[in-house]
Amino acid sequence: MTRDPIREAHRQWVAHGWAQAADGMAMVTSVVRAQQLLMERIDAVLRPRGLTFARYEVLRLLSFARRSAMPMSRLGSLLQVHPTSVTSAVDRLVAQGYVERVRSDEDKRVVRAVLTDAGRDAVEEATAALNDEVFAVPGLPGGEVRGLTDLLTALRTGLGDRL
């Protein structure tokens with residue numbers, strides 16, 4: 001019989017006098033472990049397609065944008081990541097032929113990431129696979145998915161995420 005390591009850690013927290021923090025430790029550890037498991041599933045879908053989740057998110061955002069283009073600074077803001085991370089993801093996507101960098105005609109200081117036709121094909125194919133293999137079957141019964149999402153939204157808000 002295998003024991004749940006998080007449940008065992010909770011028991012140890014209580015046994016060592018940290019009962020007031022045991023539930024929080026178990027919740028945080030559970031969320032982190034669930035994130036790892038979900039990322040393993042996502043990576044299994046995207047890796048054969050030459051994508052990471054960060055690069056997929058850039059492609060998906062560009063595909064939703066008017067004219068399939070967006071200033072680099074806006075990408076970082078929407079993805080809630082450091083500008084260096086956006087630059088790195090876009091560099092890789094440019095090398096793959098999925099994105100082009102174009103200077104704005106109105107303001108030459110502004111650089112836009114622009115989705116190419118190959119990028120559109122790649123993101124549509126990756127989205128279909130993610131929908132089939134991950135998002136449609138996230139690991140919980142359908143009725144519980146919305147409830148967990150609501151709880152996680154409340155958690156993010158409580159931790160300072162601006163919605």
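Guide: Accessible areas here come from the Shrake-Rupley method with a 1.4 Å probe. In this predicted model, the accessible surface of the protein chain comes to about 11000 Å². Carbon and sulfur atoms account for 57% of that surface.

Visitor: Why is threonine 127 called buried?

Guide: Buried means under 20% relative accessible area. Threonine 127 has 12% relative accessibility, and therefore counts as buried. This residue lies in helix 6 and touches Tyr56 and Arg60, not counting residues up to four places away in sequence.

Visitor: How much of the protein chain is made up of buried residues?

Guide: Buried residues make up 26% of the 163 residues.

Visitor: What makes a set of residues a nonpolar core?

Guide: Such residues must be buried, belong to a list of kinds that includes Ala, Val, Leu and Met, and be joined through side-chain atoms within 4.5 Å. The largest nonpolar core has 28 residues, and Val58, Leu59, Leu62, Leu75, Val90 and Val99 have the most contacts inside it. Among the elements giving two or more residues to this core are helix 3 (53–64), helix 5 (83–96) and strand 3 (111–115). Helix 6 gives the largest share, six residues.

Visitor: Which residues does leucine 75 touch, not counting residues up to four places away in sequence?

Guide: Leucine 75 touches Val58, Leu61, Leu62, Met70, Val86, Val90 and Ala113.

Visitor: How does the radius of gyration of the protein chain stand against that of a compact globule?

Guide: A compact globule of 163 residues would have a radius near 15 Å, but the protein chain has 20 Å. Along the principal axes, the C-alpha atoms fill a box of roughly 65 × 30 × 30 Å.

Key: Residues are numbered from 1 along each chain as its sequence is written. This is a predicted model: local features need pLDDT of at least 70, side-chain atom pairs count only at pLDDT 80 or more; totals for chains, interfaces and linings use all residues. Side-chain values use heavy atoms; hydrogens and water are left out. Buried means under 20% relative accessible area, exposed over 50%, partly exposed in between (1.4 Å probe, protein chains only). Helices (H or I, at least four residues) and strands (E, at least two) are DSSP runs, numbered from the N terminus. Contact means heavy atoms within 4.5 Å. The radius of gyration is taken over C-alpha atoms; the globule rule is 2.2 Å times the number of residues to the power 0.38.
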